[in-house]
Amino acid sequence: MERETDRNRLKDASSPYLLQHADNPVHWYPWSEEALERARALDKPILLSIGYSACHWCHVMAHESFEDEETATLMNEHFVNIKVDREERPDIDKVYQLSHHLLTQQGGGWPLTMFIDPQTHIPFYGGTYFPKAARYGLPGFVELLLRVAAVYREKREDLNAQGQKLKAMLDSLGTATGNSTGADTALLDRARSQLAEQYDARDGGFGAAPKFAMPLAIE
């Protein structure tokens, strides 16, 4: 018998993107205090997935993983799963896109997949699209779920230390972006330099295949 806690909570969402995931076997929550409190109570990491209705790779990942019973079972067992529409909550998207960049030193995009500490809401691992099985030089999502869950159980102190460093960086950037200072200029110069190194002069875009739209990086 399905328990009250074991269900997908997107059926009453107003977002067309969230409604597209309302029939997934994943026990999705929208971003809400209910979801955050449940993650704290269970001491389970949050798996945050951000996308939007017209995103091609969001639909690919949904079909490969979120509609798949095996993958959904692992997600439900090890994580509290939250789905966000970037067009409805650009504030959340902005924070976690920046966090992704700081963690990986790579541009973000959609779908954005972040694994988040339930107490601090600071991410400790992230990426964009992950295929169900390893390909394109990316780890398989099923393998990744098990690996992340194990790291969260076994290396909590290391994750806490990493989270404190990331929080300090986010705090400093939040302060800097409110002022026209030399720190702003230095930060933009560094970001521009890193982006230039990733540019594919022959085929266009950034990085190697599969390539994703990177409007935040370009902005």
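## Salt bridges and exposure

Student: In this predicted model, is arginine 86 buried, partly exposed or exposed?
Tutor: Its relative accessible area is 24%. Buried needs under 20%, and exposed needs over 50%. The value falls in between, so arginine 86 is partly exposed.

Student: Which residue does arginine 86 form a salt bridge with?
Tutor: A salt bridge needs a side-chain nitrogen within 4 Å of a carboxyl oxygen. Here the closest N and O atoms are 3.6 Å apart. The partner of arginine 86 is aspartate 93.

Student: Is aspartate 93 buried or exposed?
Tutor: Its relative accessibility is 3%. The cut-off for buried is under 20%. Therefore aspartate 93 counts as buried.

Student: How far apart are the closest N and O atoms of arginine 202 and aspartate 203?
Tutor: Arginine 202 is exposed, and so is aspartate 203. The two form a salt bridge. Their closest N and O atoms are separated by 3.2 Å.

Student: How many salt bridges does a search of the whole structure find?
Tutor: The pair of arginine 86 and aspartate 93 is one of the salt bridges in this model. Searching the whole structure gives a total of 13.

Student: What separates the C-alpha atoms of arginine 7 and asparagine 24?
Tutor: Arginine 7 sits in the segment before helix H1 (16-19). Along the chain, arginine 7 and asparagine 24 are 17 residues apart. Their C-alpha separation is 9.6 Å.

Methods. Residues numbered from 1 in each chain as written. Predicted model: local features only at pLDDT ≥ 70, side-chain atom pairs only at ≥ 80, totals over all residues. Heavy atoms only, no water. Buried < 20%, exposed > 50% of the residue type's maximum accessible area, 1.4 Å probe, protein only. Helix = DSSP H or I, 4+ residues; strand = E, 2+ residues; numbered from the N terminus.
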